[in-house]
Amino acid sequence: MAQKDEKEFIAAPSPAEQVAEKPPRARVSDAPLPEEESAQESAGEKLGRKRDYLEGFLAKKPEGVAAGEPGGELHQAVIDALKDIYDPEIPVNIYDLGLIYNVEVAEDADVKVIMTLTTPHCPVAESMPNDIEMRVLGLPGVRDAEVMVTWDPPWDPSKMSDEARLELGML
């Protein structure tokens, strides 16, 4: 008969031995500091409010944009002037109301505004385009202004900005 191979069995460590073999716990003080931070920085400097990058991003103007191009100074001045004109029946400016479909500024500083009104029977249908034209003509740098009223596509409340909807309680 063949001899049986005797295998050695190793007993499992006792609970006391298991506790002794656990690795040490990680501590925050053991973590290496990044190179830009130094040990001399005070806690106030570390926890202080960092620069608000979104604010800087929103305030940044496009670089290399011509004055008449969207984002340019003259184009933005026209839009700002349009935001100062309010619909007489609705307490919201005509730009946020969605009545202005397009603002074009040509190289020779001629401005063309394409707009609509809330309804063809609007009481200011005859005076509003003239008021807008005079306001735009009064801007420094504008040579000529033309306001065209279109009914295609017709105005509807979906063209309003979120600010206008909030003002009118529609949000």
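Leu 117 counts as buried because its relative accessibility is 2% (buried means under 20% relative accessible area, exposed over 50% and partly exposed in between, with a 1.4 Å probe and protein chains only). Welcome to a short tour of a predicted model, in which local features need pLDDT of at least 70, side-chain atom pairs count only at pLDDT 80 or more, and totals for chains, interfaces and linings use all residues. Residues are numbered from 1 along each chain as its sequence is written, and side-chain values use heavy atoms, with hydrogens and water left out.

**Around Leu 117**
- Leu 117 sits in the loop between β2 and α5; helices (H or I, at least four residues) and strands (E, at least two) are DSSP runs, numbered from the N terminus.
- Beyond its neighbours within four places in sequence, Leu 117 is in contact with Leu 99, Cys 122, Ala 125, Met 128, Trp 151 and Trp 155 (contact means heavy atoms within 4.5 Å).
- Gly 98 and Leu 117 are 19 residues apart in sequence, and their C-alpha atoms are 9.1 Å apart in space.

**The protein as a whole**
- The protein has six helices and three strands, which follow the pattern α-α-α-α-β-β-α-β-α along the sequence.
- Of the 171 residues in the protein, 24% are buried.
- The accessible surface of the protein is about 13400 Å², and carbon and sulfur atoms account for 53% of that surface (areas come from the Shrake-Rupley method with a 1.4 Å probe; for residues, only the protein chains shown count as cover).
- Taking contacts between residues at least 6 apart in sequence, 54% join residues at least 24 apart.

**The sheet**
- Three strands make an open sheet in the order β1-β2-β3, with mixed pairing; two strands pair if DSSP finds at least two bridges between them.
- Because β1 and β3 stand at the edges with a single partner strand each, one side of each has no neighbour in the sheet.
- From one strand to the next, the twist averages 15 degrees (axes are lines fitted to C-alpha atoms, for helices over the stretch in contact, and angles run from 0 to 180 degrees between N-to-C directions).
- Helix α4 (residues 73–82) packs on the sheet and touches β1 and β2, and its direction makes about 145 degrees with that of β1.
- Helix α5 also packs on the sheet, where it touches β2 and β3, and its direction makes about 155 degrees with that of β3.

**Strand pairs**
- β1 (residues 100–105) and β2 (residues 110–115) pair in the antiparallel sense over five bridges.
- Within this pair, Asn 102 has Ile 114 as its bridge partner, and Val 103 stands opposite Val 113.
- β2 and β3 (residues 144–149) pair in the parallel sense over six bridges, and Lys 112 stands opposite Glu 146 of β3.
- From β2 the chain crosses through α5 (residues 127–137) to β3, in a β-α-β crossover that is right-handed; that is, with the strands pointing away from the viewer, the path from the first strand over the helix to the second runs clockwise.
- In a regular strand the side chains alternate between the two faces of the sheet.
- In β2, Val 111, Val 113 and Met 115 form the covered face, while Asp 110, Lys 112 and Ile 114 form the uncovered one.

**Helix α5**
- Met 128, Pro 129, Ile 132 and Val 136 are the buried residues of α5.
- These residues cover an arc of only 100 degrees around the axis, so they lie on the same side of α5 (the arc is that of the directions from the helix axis to the C-beta atoms).
- The buried residues of α5 pack against α4, β2 and β3.

**Backbone points to check in your viewer**
- Most residues other than glycine have a negative phi, and most peptide bonds are trans.
- Ala 109 has a positive phi of about 70 degrees although it is not a glycine, and Ala 109 lies in the turn of the β1–β2 hairpin, which has four residues between its strands.
- Ala 109 counts as buried because its relative accessibility is 14%.
- The peptide bond from Asp 152 to Pro 153 is cis, with omega near 0 degrees, and Pro 153 is in the loop between β3 and α6 (162–167).
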